[in-house]
Amino acid sequence: MSTTRTRGILTAAAAIILAASAIGGTAAAQAAGNNDQHEGNNAESGNHSETNTALADAFNGIDRNTNWQQTGKLKLNFPTYHTEGIAYSQDHIFLSAVQIIEPTKKFPTPQNGFDRTPGKGIGHLFVMDKVGNLQKDIILGEGDMYHPGGIDFDGTNVWIPVAQYRPDSSAIIYSVDANTLDVHKQFEVKDHFGGIVMDKQSGHLVGNSWGSRRFAEWDLQGKQLSTWDNPNFFIDYQDCQYVPNSKMLCDGITNLPQTPAAGGAGATYELGGMAMIDLKSHSVIRDVPFQQWSTAGHVATRNPFKMTADGNHLTMKVAPDNGDEGNGTEILTYEATVIPAR
């Protein structure tokens, strides 16, 4: 065989090898990319590429003078008891509530670490269509743990804590598939937790305790990763939601005593407000009072609460009234336009 022919064959073979390597490298890169995408959608691994900061930016533009306008009122025509948390998926409205059968009673002195009796009740997660028609009533809880709290929707699951109706007690953390409505008992914790969010950046759950005095962070198996005290005493957080990146937006209420001229020691004033918390630094980024009232006379941020942003336009959904108050439970819509933070 001639030298020229041999060199031509070797050159062709080398080209085939290089092409095969390139195809293999492309396939490997595509596979890695697909794996990365799958990992990014996995709650346990977290999503580190969140870019939509519109809600955080707009919320930082809210102050005490923000002009909130009530633009909607949706009356719910089924027993709702004492409402707690609200969440929205593409197809459903979710509303948590507690039905009290036997109220708790304070002990003269603490007994076995508790300041009151457990009481009795039933925990509900109401599933509605987008116009408020009840589609399913999911009963949640076990034994003395019957009090659902604030809830959060992570794009796939609704997260719900169901606790004893007393501080320093216990709770079950549930997830409910927003499409199939299948219920999964995720884990139990040894404290009362009345609210929860899924931090999509870390893939961890964050809950707030009785009166929101403490926070805790867990992985999805229930391993406690950290705890910290709430540095703010303005309001007790009731219902919270996750906000990119690694933030927690909550509403809340504090009942303040009145002077004799304003009704006496038995009368209270409901101070309502909202707060955004940084889940990395554990600091309160911004908190503002809210000065709108429900049909039954409650401050609108009393319990269920969710907020969205379209640029600098904010929309807030709340349901402060119980089923046996005023006109029953109404989902109220408030809107405001702000100057976003820069």
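This section describes the aromatic contacts and the disulfide of a predicted model. Residues are numbered from 1 along each chain as its sequence is written, and side-chain values use heavy atoms, with hydrogens and water left out. Local features require pLDDT of at least 70 and side-chain atom pairs pLDDT 80 or more, whereas totals for chains, interfaces and linings use all residues.

Ten aromatic pairs are present, a pair being two rings of Phe, Tyr or Trp (its six-membered ring) with centres within 6.5 Å; planes under 30 degrees apart count as stacked, over 60 as edge-to-face and the rest as tilted. The ring centres of Phe 193 and Trp 218 are 4.9 Å apart and the planes lie at 80 degrees, so this pair is edge-to-face. Phe 193 belongs to strand β13 (residues 193-199) and Trp 218 to strand β15 (residues 214-218), so the contact ties together parts 25 residues apart in sequence; strands are DSSP runs (E, at least two residues), numbered from the N terminus. Phe 193 is buried at 6% relative accessible area, and Trp 218 is buried at 2% (buried: under 20%, 1.4 Å probe, protein chains only). Trp 68, Phe 290 and Tyr 334 form one aromatic cluster.

The charged end of Arg 166 sits over the ring of Phe 114, 3.6 Å from its centre (criterion: NZ of Lys or CZ of Arg within 6 Å of the ring centre and within 35 degrees of the ring normal).

The structure holds one disulfide, defined as a pair of cysteine sulfur atoms within 2.5 Å. It is formed by Cys 240 and Cys 250, with the sulfur atoms 2.1 Å apart. The torsion about the S-S bond is about 105 degrees, so the disulfide is right-handed. Cys 240 is buried, at 0% relative accessible area, and Cys 250 is buried, at 0%.

Methods. Helix = DSSP H or I, 4+ residues; strand = E, 2+ residues; numbered from the N terminus. Buried < 20%, exposed > 50% of the residue type's maximum accessible area, 1.4 Å probe, protein only.
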